[in-house]
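Student: Hi! Could we go through this structure together? I have some quick questions.

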Amino acid sequence: MGTRETIRTAVRDVVPPAGLTRALAVQAMVYAVGSGLFHAGSAVFFTRALGLSAAQVGLGLSVAAGVSLLGTVPLGGLTDRYGPQRVWVVGLVLNAALFATYPFVGGFAGFLAVVVALAAVDAAVGVARQVYSINALPPAERVTAMAYQRSSLNVGFGLGAVISGLVLAVDTITAYRGMVWFISTVFLVTALFVRRLPRLPQVARPAEPMSRLAVLRDRPFMAVSVLSGLLTAHGVLYLTVMPLWILTHTDAPKTMIAGLVLLNTILIVLLQVRVSRGADTAAGAARASRRGGLLIALFCLVLPISGVTRGLLTVVVLVAAAMLLILAELIESAGSWGLTATLPPADQRGAYVGALGLGVQVQYLIAPAGLTALGVTTGGWGWLPTAAIFVLVAAVIVPAVAWAQRTPRLGAEAAEPAMTPVP
């Protein structure tokens, strides 16, 4: 392959093809500018602009996480009832309105009300976005489209982080208020993007729709949800546990942490689409999830070596460990999208996609404290049982997906219909 063809292939893996796939990627990037800006500047905004203590911020965010956990499945059911595009647009408008109220929040009670409402809205929006992407595209294009969206999300997150740096440099109350109002505007613009996307015909609902929580009785599917959710702990490992390990157990410079985060962002933008190929079937998605789990386990064995090395060798080991975890993230993400696109039934897709998200929420509850305790506070030996956990999950997820494929989904009455967008 010549240099020109190599460049052309690389560009195709980053720039989505014209049409709906590109439109979905563009809205993802616009949305991520606002989301990335807030993630980077929220801690300072809460303490400086709202006058909250660190303990109050932590408590409020924990309560919001609990609301997201409890609401993921029932809020996902709204998509089945009202359609993904409508729920998506309304959710973005509510997001914009809630962010616009942030500067007027007075005290902890007001802050808690806003973050809890945002958590509930985000749960509904997340499901609606995924269901729309699945319904609007042919099966063979769904995982690739989600990969393009994730690549675009990272571009948007990077732009948002840059803007956040400017806000933090100015460091005035006016700047922080302007930040959240800018974010509110970004969400309104995203809502306009989504509203202009092709309309989809409503999927026929069953004559007797199942309860929104009935999906929790689908044991094979919920087993896949928990296993797939546990594998998303690569994010906690990369953004929380590995930085703590670097700070407390290695002689690497602190700037190494920022460099590794930048490396993660760049590689996801460049490689996510290419790595996602082959995960567009349930079997392919299961194998991708297994490979992701095994790579996470290998990371857990390589990273602790940096605790006994010195100088340049420490940097080399940390980069090698980071590359393993980035590759695991790329492959596992593709597997997760494949499972999302293939296992839920068309007429109950919102509830089932929400149930898949439940596994991720469970991971958010246990991974930060659990993986930090095992990987960091034990002095190093805890990485061995951590690796064993991910090997076990990787070994089990393929037969779990096969079990789910053999078992009819609750509430499913017919095969998936052809979904032709209405211009």
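Tutor: Happy to; we'll talk about helix packing, aromatic pairs and a few individual residues. Keep in mind that this is a predicted model.

Student: Let's start with helices. At what angle do α9 and α10 cross?

Tutor: Their axes cross at roughly 150 degrees and come within 10 Å. The α9 helix covers residues 234–249. The two helices are therefore roughly antiparallel to each other.

Student: And which hand does the crossing of α9 past α10 have, left or right?

Tutor: It is a right-handed crossing.

Student: Which residues meet there, between α9 and α10?

Tutor: On the α9 side you have Y238, L239, M242, P243, I246 and L247. They meet I257, L260, V261 and N264 of α10.

Student: How about α2 and α7, what is their packing angle?

Tutor: About 155 degrees, with the axes of α2 and α7 9 Å apart. That makes α2 roughly antiparallel to α7. Here α2 passes α7 in a left-handed crossing.

Student: One more pair. How are α5 and α6 arranged?

Tutor: The axes of α5 and α6 come within 9 Å and cross at roughly 135 degrees. So α5 and α6 are oblique to each other, because only angles over 145 degrees count as roughly antiparallel. Their crossing is right-handed.

Student: Where do F46 and F111 sit?

Tutor: F46 lies in helix α2 (residues 20–49) and F111 in helix α5 (residues 107–136), so the pair ties together parts that are 65 residues apart in sequence.

Student: Are F46 and F111 buried or exposed?

Tutor: Both F46 and F111 are buried. For another pair, look at W88 and Y132: that one is tilted, with 5.8 Å centre to centre and 55 degrees between the planes.

Student: What parts does the pair of W88 and Y132 tie together?

Tutor: W88 lies in helix α4 (residues 84–101) and Y132 in helix α5, so the pair ties together parts 44 residues apart in sequence. W88 is buried, with a relative accessible area of 1%. Y132 is buried as well, with a value of 0%.

Student: Which residues do ring pairs link into a cluster?

Tutor: The cluster holds Y31, F38, F45, F46, F99, Y102, F108, F111 and F187.

Student: OK, threonines now. Where is T340, and is T340 buried or exposed?

Tutor: T340 is in helix α12 (residues 312–342). At 3% relative accessibility, T340 counts as buried.

Student: What does the T340 side chain reach?

Tutor: It reaches the backbone oxygen of S336 at 2.8 Å. Leaving aside neighbours within four places in sequence, T340 is in contact with Q130, I134, V353 and L356. Q130 and I134 also take part in the contact of α5 with α6.

Student: What about T309, where is that one?

Tutor: T309 is in the loop between α11 and α12. This residue is buried, with a relative accessible area of 8%. The side chain of T309 reaches the backbone oxygen of S306 at 3.4 Å. Beyond neighbours within four places in sequence, T309 is in contact with D251, T314 and V317.

Student: And where is T281?

Tutor: T281 is in the loop between α10 (255–275) and α11 (282–302). At 40% relative accessibility, T281 counts as partly exposed. T281 and L339 are 58 residues apart in sequence but 7.7 Å apart in space, C-alpha to C-alpha.

Student: Last one: what is the phi of D171?

Tutor: D171 has a positive phi of about 55 degrees although it is not a glycine. As background, most residues other than glycine have a negative phi. D171 lies in the loop between α6 (139–170) and α7 (173–195). With a relative accessible area of 34%, D171 is partly exposed.

Student: Great, thanks!

Conventions
Residues are numbered from 1 along each chain as its sequence is written. This is a predicted model: local features need pLDDT of at least 70, side-chain atom pairs count only at pLDDT 80 or more; totals for chains, interfaces and linings use all residues. Side-chain values use heavy atoms; hydrogens and water are left out. Helices (H or I, at least four residues) and strands (E, at least two) are DSSP runs, numbered from the N terminus. Buried means under 20% relative accessible area, exposed over 50%, partly exposed in between (1.4 Å probe, protein chains only). A polar contact is a pair of N or O atoms within 3.5 Å; within protein, one must be able to donate a hydrogen and the other to accept it, and residues adjacent in sequence count only if both atoms are side-chain atoms. Contact means heavy atoms within 4.5 Å. Rings of Phe, Tyr and Trp (its six-membered ring) pair if their centres lie within 6.5 Å; planes under 30 degrees apart count as stacked, over 60 as edge-to-face and the rest as tilted. Axes are lines fitted to C-alpha atoms, for helices over the stretch in contact, and angles run from 0 to 180 degrees between N-to-C directions. Angles under 35 degrees count as roughly parallel, over 145 as roughly antiparallel, 65 to 115 as roughly perpendicular and the rest as oblique. A crossing is left-handed if the near helix is turned anticlockwise from the far one by less than a right angle, and right-handed if clockwise.
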